[in-house]
Amino acid sequence: MYNKKVIEHFTKPKFFGKIKNPDIVGHAGNPRCGDLLTLYLKIDKKTRKIKNIKFETLGCAAAIAASDMVCQLAIGKTLEEAAKISFLNVSDELGVLPPLKIHCAQLVTEALRDAINKYLPQ
Amino acid sequence: MKNKKKIYFDNAATTALDKDILKKMMPYLKDKYGNPSSLHKFGRETSEALDIAHEQVARFLNCKETEVVFTGSASESDNLAIRGLIKSLRRAKRIGEKCNIIISQIEHKAVLETCKDLEKENVKVTYLPVGSDGVVHIDDLEAEINPETDLVSVMYANNETGAVQPIKKIGHLIAKINKNKEHRIYFHTDAAQAANWLDCDVNELGVDLLTLSGHKIYGPKGVGVLYIRDGIPIAPLTTGGDQEWKLRAGTENVAAIVGMGEAISKIASHRPQTARIRSLKDKLIADVLIKVEDSKLNCPKNPENNLPNIANFSFRGVEGEALVLALDQEGIAVSTGSACTSLALLPSHVLIAMGLTEPEAHSSLRVSIGINTTEEEINYFSKILPKTVERLRKISGR
């Protein structure tokens, strides 16, 4: 059902965990559907680049792999660039998710956008 | 880091085909290819094999050979029982008169979806609740039975939790009601999961219709049985030739039927293992509940109310599909009632009926051991599971 790349990101995710004192936090999902995810971001104030990003995901293998992938795609980008990351980018980078699991990619980009929308210029 | 271990704890999904059974099937996949309906020697040797298989099943169920119908699966048997009965009863009913079925909320999809489908065709279906132990209460059934009830279908043992249903008591209740009633209630049970472990004497149970599966009892896939008590009106769903007492047209799957008959007659030989299997399961449950914090057992605690081989757990902060895949990487095969494995993205209807919250159902894990399970395998599982749950909890942060 899952390709090697999805399994790899599920088995050895690089970006999982919390960030202490994050600048912004994004949420998506709900406990009813089984997926709950939180993104923690550190932002460079001058460049508006994402310095660090981590995730915590309660969800299936696809949700965990997609969380890891969205972090990998977002790190180093400016908030404006990161806001453009679409669920298709996440899915493509994972070598296409099974059709039933596309919503996992949607969920992670939703969480990223939720975080970005909360960032207030200081 | 490929793991060489291969531990199969998913015997409720399917069982390994017994080697001796395969051996008995082989001639019918090779040299004995005659059509059982043919009059010549080729046909006779396969029709004789079918006769033996009917006898084997009849002995197991304590019924007549003519009451045994081989089908293509337990799902097909459930369909033949329910749809076949309704089809036949309808022909005798007045126009506009409804058929009435009572089933439990925890039936296998083969029964549940069949009944839901029949609801679209003017059949009234009542869904019996279960307690938090996953068992139907006989009082609830008694309260739902009314003069119009045509069919009651309650599974013998649940495939997700192993919860054993009070089939004998239901059989008694229905027999008592039928005595004082012109309009008869028919009683069906799906015994696919129970057959390995529990008495399936149809007269003891008081059932009119009973479903069996080949591949849950170390036999082949692609074959099931429906027991139909003499005189129960079942209309065939597949019409054509005279096979299976004219109830299931189509040239018989001789090899699979031979395998099913052998599997049924072998059940008696592994029944003495029941106590060993149960003690392995009890050990597994004790290990898991001690070693994994925030774990919960989703099956009846009383041994009389559960199968010796199925345990069902929920682990807070872990999603079931992820846990199944992570354990698979450690060489352990189990399953889950999480929504992430279903097309509808809905969690197990069985666990929800028992009153579990959605997050609990999403985090469920079913472990079903079998006659080949060893203590060493249980120990390995008990060693790997806590680490795996811990790792996934770190990822979920919960």
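The pLDDT is the predictor's confidence in each residue, on a scale from 0 to 100. In this predicted model, chain B has a mean pLDDT of 95, and 98% of its residues reach 70 or more. The model as a whole scores ipTM 0.94 and pTM 0.95.

**Domains of chain B**

Chain B is assigned two domains: domain 1 comprises 7–16 + 272–396, and domain 2 comprises 19–269. The C-alpha centres of domain 1 and domain 2 of chain B are 28 Å apart. Where these domains meet, 24 residues of domain 1 of chain B are in contact with 23 residues of domain 2 of chain B. On the domain 1 side of chain B that touches domain 2, β10 (310–315) and α12 (349–353) of chain B each supply at least two residues. The largest share of that side, 4 residues, is contributed by α12(B).

**Contact between the chains**

Between the chains, 18 residues of chain A are in contact with 20 residues of chain B. On the side of chain A that touches chain B, two or more residues come from each of α1 (4–11), β3 (50–58) and α2 of chain A. The largest share of this side, 3 residues, belongs to β3(A).

The residue classes of the two sides described above are set out below.

| Side | Nonpolar | Polar | Charged |
|---|---|---|---|
| Domain 1 of chain B, touching domain 2 of chain B | 11 residues | 12 residues | 1 residue |

**The largest nonpolar core**

In soluble globular proteins, nonpolar side chains tend to be buried together. The largest nonpolar core of this model holds 159 residues, of which A:Ala66, A:Val108, A:Leu112, B:Tyr227 and B:Leu323 touch the most other members. Helix α2 (residues 61–74) of chain A gives the most to this core, namely 10 residues. Why does the core lie between domain 1 and domain 2 of chain B? It does so because domain 1 (7–16 + 272–396) and domain 2 (19–269) of chain B both give residues to it.

The surroundings of A:Leu112 may be described individually. Apart from its neighbours within four places in sequence, A:Leu112 is in contact with A:Gly26, A:Leu39, A:Val70, A:Ala74, A:Ala82 and A:Ile85.

Technical notes
Residues are numbered from 1 along each chain as its sequence is written. Chains are lettered from A and ligands numbered from 1 in the order in which they are written. This is a predicted model: local features need pLDDT of at least 70, side-chain atom pairs count only at pLDDT 80 or more; totals for chains, interfaces and linings use all residues. Domain bounds come from an automatic or database domain assignment. Two residues are in contact if their C-beta atoms, placed from the backbone, lie within 7 Å. Ala, Val, Leu, Ile, Met, Phe, Trp, Tyr, Cys and Pro count as nonpolar, Asp, Glu, Lys and Arg as charged, and the others, Gly among them, as polar. A nonpolar core is a set of buried Ala, Val, Leu, Ile, Met, Phe, Trp, Tyr and Cys residues joined through C-beta atoms within 7 Å. A residue is buried if 20 or more other C-beta atoms lie within 10 Å of its own, exposed if 12 or fewer, and partly exposed in between; C-beta atoms are placed from the backbone.
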